[in-house]
Amino acid sequence: MSTLAIIPARGGSKGVPGKNVRILAGKPLIAHTIEHARAARSVDRIVVSTDDAEIAEVSRTWGAEVVVRPRELATDQSTSESALIHALSQVPPQEWVIFLQCTSPIRRKDDIDRAMALMKEERSDSLLTACRSHAFLWRRSGDGWAALNYDPRKRPR
């Protein structure tokens with residue numbers, strides 16, 4: 001079975017300029033995800049989809065292939081799905097595709113392999129990982145803000 005890991009990483013972040021190549025724990029942010037994919041026995045090929053020359057260079061240095069993403073698929077409004085579809089159109093067909101976000105670099109060494117094993121064991125065609133959040137979430141509402149996941153009059157500690 002062939003398994004492709006795709007890591008979308010566009011340039012042009014406005015909130016944290018250059019975030020995908022910023023140093024985190026001694027290496028570029030994207031390097032953590034590339035290393036996780038390289039360590040996974042279930043991954044045969046790793047592709048970074050990017051529109052940014054520096055991200056491409058760093059990705060190659062850390063052992064990933066690069067698919068150059070067109071600028072129109074790398075805007076603030078572009079979806080991850082558009083990057084994935086474009087990347088898939090640039091490589092030979094694969095039996096499995098793993099979508100890894102480099103902005104979520106905290107994984108255990110075996111997370112990718114465990115996820116693939118679970119998906120195959122359950123005979124699923126897809127799997128999504130997530131983590132629980134106990135953060136208090138708010139949304140702008142009219143002229144103010146509204147709590148989304150708790151009653152602010154009975155705020156838990």
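Two residues are in contact when heavy atoms of theirs come within 4.5 Å of each other. With that in hand, residues 24 or more positions apart make up 58% of the chain's contacts that have a separation of 6 or more.

A word on what you're looking at. This is a predicted model, where local features need pLDDT of at least 70 and side-chain atom pairs count only at pLDDT 80 or more, while totals for chains, interfaces and linings use all residues. Residues are numbered from 1 along each chain as its sequence is written, and side-chain values use heavy atoms, leaving out hydrogens and water.

Now the overall layout. The chain has four helices and eight strands, taken as DSSP runs (H or I of at least four residues for helices, E of at least two for strands) and numbered from the N terminus. Their order along the sequence is β-β-β-α-β-α-β-α-β-α-β-β. Along the principal axes, the C-alpha atoms fill a box of roughly 55 × 40 × 30 Å. Of the 157 residues, 36% are buried; that label means under 20% relative accessible area, with exposed meaning over 50% and partly exposed in between, using a 1.4 Å probe and protein chains only.

Let's head inside, starting with helix α1. Eight of the 11 residues of α1 (residues 29–39) are buried, so the helix is largely enclosed by the rest of the structure. Among those buried residues are Leu 29, Ile 30, His 32, Ile 34 and His 36. What do the buried residues of α1 pack against? Their partners are β1 (3–8), β2 (23–24), β3 (27–28), β4 (45–50), α2 (53–61) and α4.

On to the aromatic rings. Rings of Phe, Tyr and Trp (its six-membered ring) pair if their centres lie within 6.5 Å; planes under 30 degrees apart count as stacked, over 60 as edge-to-face and the rest as tilted. By that rule there are two aromatic pairs. The ring centres of Phe 136 and Tyr 150 are 4.4 Å apart and the planes sit at 50°, so this pair is tilted. Phe 136 is in the loop between α4 (111–121) and β7 (138–141), Tyr 150 is in the segment after β8 (144–147), and the two are 14 residues apart. Is Tyr 150 buried or exposed? At 15% relative accessibility, Tyr 150 is buried, while Phe 136 is partly exposed at 29%.

The other pair is Trp 138 with Tyr 150: centres 6.0 Å apart, planes at 85°, so edge-to-face. Trp 138 lies in strand β7, so this pair ties together parts 12 residues apart in sequence. Trp 138 is partly exposed, at 41%. Together, the ring pairs link Phe 136, Trp 138 and Tyr 150 into a cluster.
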